[in-house]
Amino acid sequence: MTKLNLRLLRTIKHTLGQYIAVSLVIIIGIMSYVGFSMAMVNLETTVSAYKQATNAADIYVELNRIPANALKFLYDIDGIVDIQGRVKSDIAYTNEDGVRGTLRVVSVPEDQDRAIHNLYIREGSFVRGNRGVMVVQTYAQANGIEIGDAMDVQINGKTYRLTVEGIVSSSEFVYVIENEQTLLPDNEKFGIIFLEESFAQKAFGYDNSYNDLLIKVEDEEQIDGIVDTLEKKLKRYGASRVISHKDQLSNRMVEEEIKQGKNSARTVPFIFLIAAAAIIVTMITKIVRNDRMAIGILKAMGYNNRQLMIHYSMYSMGIGVIGGTLGIYFGMQVAELFARMYVEYSFDVPMLVGNFYIEYIFAGMFMTVIFCVGAGIFGSRRIMKIHPAESMRPDAPKVGRSIFLERVRILWKHISFSWKIVLKNIFRSKKRFVFLVMGIALTYAITVFPLYQFVAMDEVFLLHYSEFQKMDYNVNFLKPMNEHTLYDIKGVIDTSDIEGKIEFPFKIEHKWKSKIINIIGVKPDTVFYNFVDAENRPLKVPNEGMLLSEGLAKIMGIHVGDKLLVKTFVPERDDQWVEVTGLVKQNLGSNAYMDIDYMQKAFMDDQLITGVYIDSTDDVKSTLDDMKYVGSIQSVVDMKEGFLQFMDVFYMSISLMIIFAGILGFAIIYNSTIISMNERQLEFSSLRVMGFTKNEIFKTVVYENIIMTLFGIAVGIPVASSMLNGIGEALTTEFYSLNIKIPAAIFFYGGIITIIFVIIAQLATYGRLHRLNFIDALKNRTT
Amino acid sequence: MASNNFVRVEAVKKIYKMGEVNVHALNDVSFEITEGEFVVILGPSGSGKSTLLNIVGGMDLPSEGRVFVMGNEITEYDERALTLYRRNTVGFVFQFYNLMSNLTARENVELATEICKDALDIDEVMSAVGLGDRSGHFPSQMSGGEQQRVAIARAVAKNPDILLCDEPTGALDFQTGVTILDLLSRINKDYNKTVIVITHNAAIAQMADRVVKMRSGKVIDNYVNAHPVATERIEW
Ligand SMILES: Nc1ncnc2c1ncn2[C@@H]1O[C@H](COP(=O)(O)OP(=O)(O)O)[C@@H](O)[C@H]1O
Ligand SMILES: [Mg+2]
């Protein structure tokens with residue numbers, strides 16, 4: 001090894017703490033890049049391979065009833081290659097612990113090999129004949145259901161004792177949620193069970209007929225055309241939904257999840273890499289400045305600029321090699337872990353394609369090189385200017401400048417000597433001040449971000465389920481009923497409020513965009529909804545026309561006053577143009593809202609309702625469960641519980657993000673403090689000579705950093721809040737919108753956490769101060 | 001055969017611009033040095049000695065005038081040629097030793113020899129400067145005199161043609177200073193190196209083969225000392 005490299009190695013050893021701190025920041029950056037990117041690509045590949053392997057459908061159709069022998073006529077539609085009829089229906093089910101939930105019953109044909117969405121058997125076997133059931137594994141796992149267990153299910157008022165014969169997964173339900181509003185899986189309360197076709201037909205009263213179709217087409221390009229044709233052809237069978245696989249709920253959620261993961265892979269790593277580069281530039285700039293004389297001597301010995309630039313850049317190349325190698329290594333581990341977590345916890349996918357993508361490794365290496373070497377060269381650029389003759393000259397005395405506070409005489413006179421030292425040092429170098437303040441601001445913003453996510457989710461649920469929707473129970477009937485049903489229900493439970501509602505899917509079209517959404521019909525003076533616009537001004541459902549949720553309007557580019565084509569799936573009813581009279585602030589899901597009378601007249605039949613909203617303290621669930629026309633009963637309490645369960649998973653990613661922020665904050669504070677201490681050795685020595693104790697000196701350093709931290713947080717607040725507003729905007733999807741008021745508390749907690757990081761970094765520098773050799777500093781003439 | 005214009009300085013001027021003021025650090029300096037001489041440049045502080053040495057050492061360029069070393073005009077050299085010149089032809093010894101603190105004595109010497117063409121045997125040089133047994137020590141573990149010996153070893157081991165020393169005893173006590181001068185004189189004799197020593201201490205001139213006296217950027221005297229005195233016999 002050359003002696004120059006040896007010197008470098010010893011310098012690194014001497015500044016090992018700083019070195020490790022920056023390397024950690026690089027590791028986080030590269031790890032999150034490689035990890036996220038690979039995980040997301042693998043996830044995408046996995047899901048599509050899974051769908052391929054299980055013959056996933058291209059088009060999904062829900063209808064009222066279609067005779068089995070009518071299916072063959074659909075083959076006339078150009079491009080359709082396969083059709084599979086099913087019976088699909090939701091039933092209420094109480095699990096062994098007495099927890100009420102909903103099961104989606106789906107029939108499967110006997111010939112599994114040729115089935116669309118054929119099932120993946122995780123345990124047991126495919127059902128044979130009557131009374132066998134296959135349970136989706138998410139539900140089985142959450143409810144402790146095993147092969148051979150009995151399940152008593154009620155279908156159309158009749159109880160069947162079914163035996164669990166298989167635990168399965170289906171590519172139709174990769175993300176198992178009940179509907180758009182649910183958003184988060186609640187595996188204890190919602191699951192899918194699969195019954196043999198003929199048995200399901202008999203039990204639900206669909207002899208030789210179906211209410212649901214899966215369709216395969218020849219060519220992806222044809223799907224939209226076929227969907228249109230099917231909508232028309234199937235109208236007489238009461239088709240309520242004809243959707244392309246792209247619009248299917250599970251697919252959409254999966255896609256959204258992957259999209260967000262990819263976004264993270266594109267942003268998070270760069271925040272850390274840029275921060276690391278900034279730290280490296282500062283470190284090397286300082287080292288070069290302190291080594292000015294050594295550089296002069298090396299030049300006097302005959303070393304040239306290139307050799308010296310390489311020498312100092314090697315310092316950061318080392319960081320790059322360590323950070324890059326470990327980052328890539330951990331990134332690969334984490335990629336596997338991430339993808340596994342997704343397929344096992346968020347999604348239900350029985351396989352995982354663990355491809356290794358060399359391009360991300362290369363990209364990771366490339367990024368490390370760019371950031372580390374770039375920072376190294378940039379930081380050491382001053383070497384060029386150092387003249388060999390400088391080695392001959394003793395240090396030029398530092399230019400003592402008075403800070404502006406000193407000019408405020410009256411103030412300055414009353415400040416204690418220690419505080420004068422603190423203040424002088426803070427304002428000593430503008431660059432250092434800016435670097436530290438920006439660094440802390442960044443740490444602060446990164447800390448606030450996960451807090452925001454956490455609080456925002458909470459807030460969104462709270463807003464949606466207590467401010468926007470106010471019902472205790474949301475009851476859906478199995479089929480539309482006469483309004484008189486309301487009185488039946490009133491007869492069996494004590495309600496403080498009850499209203500009939502219509503909730504029915506329609507396809508809305510605006511320009512070239514279309515979307516299937518549930519339009520909800522409510523009384524104009526409903527007590528169950530609190531419609532407000534973005535500025536919190538109250539809105540009312542119009543006599544004619546409709547309100548639309550804001551997120552949906554944004555995605556489709558709809559404004560108040562636009563007329564949308566509402567395509568109905570109700571037989572013998574025509575499509576209609578309806579004006580949007582207002583945009584409703586709705587944090588979860590996307591809907592349109594109409595006056596129920598108008599809706600009945602325009603789209604449905606008079607006096608028909610599809611469900612009721614109830615406020616009651618009775619045990620509504622158990623009472624209504626027995627009514628045979630009741631399909632699902634959603635209680636707000638259940639929704640909230642499900643949400644809280646989900647938050648547990650959330651804690652992990654939030655803690656991780658906060659730890660990352662902490663490492664960054666640590667690296668920034670620790671490194672700049674050490675640098676500053678080294679620079680001030682002489683000053684500290686003089687203070688020691690003047691009788692200051694080491695602790696007193698340390699205290700001035702601590703005060704200084706606390707003041708800088710407060711500055712940093714002050715700058716961080718607007719940075720973070722504009723960042724969060726941007727993120728809220730960016731994360732607004734058709735499923736949820738984060739247009740919430742950012743709670744002030746997170747700024748406070750973010751500040752506390754940031755200060756804790758700073759204190760930890762500070763304590764880490766304490767030992768360093770104690771080891772500073774003051775005597776050496778005074779007599780020091782070595783470099 | 002000793003050439004009598006081993007180093008030739010011709011009408012060198014050096015002007016530092018300090019804002020409005022021009023500092024004439026060197027004002028028309030000319031002299032010659034013969035190969036193998038032990039030269040002492042004598043002059044009060046601020047007289048331009050270091051400036052002159054820097055120019056002869058290829059670390060700085062004159063504002064006017066020319067410098068020839070072994071027949072080559074170094075004042076014509078570009079950055080690259082100057083670097084090679086510093087690497088192979090000259091060795092420097094500084095007043096404050098200026099060793100790398102995190103390298104041992106021996107490593108400090110190697111730092112210099114690693115990049116030059118035909119370095120001397122390091123062990124030999126280390127014993128020549130009397131530090132054969134201290135090679136593994138770090139600068140902080142050595143006294144000022146010892147550090148300066150390391151610095152001399154560092155300059156000599158490169159096997160340069162000229163050794164340039166800027167006040168090598170300036171930071172040392174008298175007794176140590178004498179031993180350092182003695183060492184330089186031995187190197188001059190044993191290794192047959194041309195040595196130029198800067199000092200403001202007139203007594204040192206007694207040991208020189210040639211004395212160049214400076215004042216206010218000018219050479220006021222330049223003579224060959226017919227009877228150089230051995231270091232231990234210098235009268236202080
Ligand atoms: N880099 C510089 N910039 C401006 N003036 C300088 C510089 N180096 C030296 N000088 C001035 O040139 C003069 C000669 O300096 P120097 O050669 O260091 O003298 P000596 O070594 O004899 O003490 C002094 O007046 C000094 O202030
Ligand atoms: Mg001088």
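Hi everyone, a word on conventions. This is a predicted model, where local features need pLDDT of at least 70, side-chain atom pairs count only at pLDDT 80 or more, and totals for chains, interfaces and linings use all residues. Residues are numbered from 1 along each chain as its sequence is written, chains are lettered from A and ligands numbered from 1 in the order in which they are written, and side-chain values use heavy atoms, with hydrogens and water left out.

Let's start with the layout. Chain A splits into domain 1 (1-51 + 249-395), domain 2 (52-248), domain 3 (408-470 + 636-783) and domain 4 (495-616); such bounds come from an automatic or database domain assignment. Between the C-alpha centres of domain 1 and domain 4 of chain A there are 52 Å.

Now to the strands. Helices (H or I, at least four residues) and strands (E, at least two) are DSSP runs, numbered from the N terminus, and two strands pair if DSSP finds at least two bridges between them.

An open sheet in chain A has four strands, ordered β2-β10-β1-β11, with antiparallel pairing. At its edges are β2 (80-86) and β11 (241-244) of chain A, each with a single partner strand, so one side of each has no neighbour in the sheet. From one strand to the next, the twist averages 30°. Inside that order, β1 (residues 59-67) and β10 (residues 209-217) of chain A are joined antiparallel by six bridges, and Tyr60(A) sits opposite Leu214(A) in β10(A).

My next stop is β19 (residues 608-615) of chain A. How is it enclosed? Seven of its eight residues are buried, so the rest of the structure largely encloses β19(A); buried means under 20% relative accessible area, exposed over 50%, partly exposed in between (1.4 Å probe, protein chains only). Strand β12 (residues 473-482) of chain A pairs antiparallel with β19(A) over six bridges, with Tyr473(A) opposite Ile614(A). Strand β13 (residues 497-510) of chain A also runs antiparallel to β19(A), through five bridges, and there Gly500(A) has Val612(A) as its bridge partner.

Finally, a contact between chains. Helix α1 (residues 3-14) of chain A packs against helix α3 (residues 105-113) of chain B at about 130°, with the axes 8 Å apart. Axes are lines fitted to C-alpha atoms, for helices over the stretch in contact, and angles run from 0 to 180 degrees between N-to-C directions. Thanks, everyone!
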